[in-house]
Amino acid sequence: MNAPPVDLEEKLRSQLAEFPYRRLYVGFSGGLDSTVLLHVGRAVQADITALHVNHGLQPDAVRWESHCSEFCGQLGVRFVSSRAEPGNGSEGAARAARYAVFDNRLDVDDLLLLGHHEDDQAETVLMRLVQGRAPLGMPRTRRLHCGARILRPWLATPKEALLRHAREAGLDWVEDPSNARVDHDRNFLRREIVPRLAGRWPDVGKTLAASAAMQFARDALLDHLADGVSAAPPVAGTTPDGGGELALREFPAELRVPVLQLWLRGLGEFSTPGNALAEFARQFDAPPDAHPRLDLRHGVLRRHGEKAVYTGPDFELHPRYRLDLPGVLALPHGILSVERQALGFHAAGPLEVRFRGGGERLRSRGRTRSVKKLLHGAGVPPWQRRTWPLVYSGDALICIPGIAIADSPEREPRWRVAWHPEINR
């Protein structure tokens, strides 16, 4: 049984009403989808521009461009064509070149319509699934780098409806012969797999497109909730160095991975690998001295006791730094400042900042203790202990900023060193 007719003009008109814009463009390749989109767009709004990108990948590329120009002349719409040859000729390179043209051509308050339809959306979901990625499709709307907005008004419209409109309106369009090559992954899905699925489940295209829409809604909800999770004590909060921490063991084992994903989204980590997070979460059933580490896109996820801790990426330090009296020293992971203070330590000349190599000891308040124990006793996480600044006067360790100062003669001048760790280190 054929599907009921779709009022494409009303569908487009209602979606255009959602977005304020100054100029309206249609990405026009000359194929069925964009031809119908331009035809319907011209009926809805007379002031519209067709934007064609000639990739030069097919022998008929020049003829297609001429066809597009003639069609626009018949419709009475402006036609703009740009040449953009992708470097390696792949589908991904062609897409990148095409979007570069869009970014160069459009302004922040323009709206660009693209003709992707429900069947394209279903193929995208299947493609991502077989690649082991989240079942996300193409977004109905998003921003380009230039600030212009993209709108795909046909994402919930089957190709059959576009084909019916084209035939009833007597429209001509071009066919890309490369679409018949099943050695391309998307064409293989389109020509070999989707028809077989549709033979058993006739609504498979609509179902997959709806799944993509639900996934987008779920991600939007996660983004909304992430702020609350990352800011709601005592489950989540900030570390002493400004990073993020999450009391993960307070959650049942089966909830730890989704809670981690939600929390990390609030910290800007949107592409966290599920299997790696599952292994990280499993380490919270190990003894407290287990220190798993997971490198993410922008930072590092670690365990500290009962909590998951998110910090910035690793950084390089010089073995030694000069610290003037008084003075300020900017390090890759924070700032040291020195000022006069009566209750501080005595030193007469420039100081030097070094870092742990092992075996360092400090005599303070009549007791000599290892730097390792002093850092541990102060609650400094293991990954910060190797980069905690140690202040020397000559070859004598004289200060562990924020933790302890060495016994020194009762002479002036006396100094205090303050350590201000950089956020997320």
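What is the order of the strands in the open sheet of 6 strands? In this predicted model, the strand order is β3-β2-β1-β4-β6-β5, and the pairing is mixed. Strands here are DSSP runs of E of at least two residues, and helices are runs of H or I of at least four residues, both numbered from the N terminus. Two strands are taken to pair if DSSP finds at least two bridges between them. Residues are numbered from 1 along each chain as its sequence is written, and side-chain values use heavy atoms, with hydrogens and water left out. As the model is predicted, local features need pLDDT of at least 70 and side-chain atom pairs count only at pLDDT 80 or more, while totals for chains, interfaces and linings use all residues.

The edges of the sheet are formed by β3 (78–83) and β5 (141–143); each has a single partner strand, so one side of each lacks a neighbour in the sheet. From one strand to the next, the twist averages 25°. Strands β1 (residues 23–27) and β2 (residues 49–54) run parallel and are joined by 3 bridges. Within this pair, Leu51 in β2 stands opposite Gly27.

Helix α1 (residues 8–16) touches β1, β4 (110–113) and β6 (149–151), and its direction makes about 150° with that of β4. Helix α2 (residues 32–44) touches β1, β2 and β4, and its direction makes about 155° with that of β1. Angles run from 0 to 180 degrees between N-to-C directions, and axes are lines fitted to C-alpha atoms, for helices over the stretch in contact.

Packing between helices was also examined. Helix α5 (residues 118–130) packs against helix α7 (residues 185–200) at an angle of about 105°, the axes being 10 Å apart. The two are therefore roughly perpendicular, a term covering angles of 65 to 115 degrees. The contact involves Asp120, Glu123, Thr124, Leu126 and Met127 of α5, together with Asp185, Arg186, Leu189, Arg190, Val194 and Leu197 of α7. By class, 5 of these residues are nonpolar, 1 is polar and 5 are charged. Nonpolar covers Ala, Val, Leu, Ile, Met, Phe, Trp, Tyr, Cys and Pro; charged covers Asp, Glu, Lys and Arg; the others, Gly among them, are polar.

Helix α9 (residues 256–266) and helix α10 (residues 274–282) cross at roughly 115°, and their axes come within 9 Å. This makes α9 roughly perpendicular to α10. Arg256, Val257, Leu260, Gln261 and Leu264 in α9 meet Gly274, Leu277, Ala278, Phe280 and Ala281 in α10. This contact has 7 nonpolar, 2 polar and 1 charged residues.

Notes:
Parallel < 35°, antiparallel > 145°, perpendicular 65-115°, else oblique. Contact = heavy atoms within 4.5 Å.
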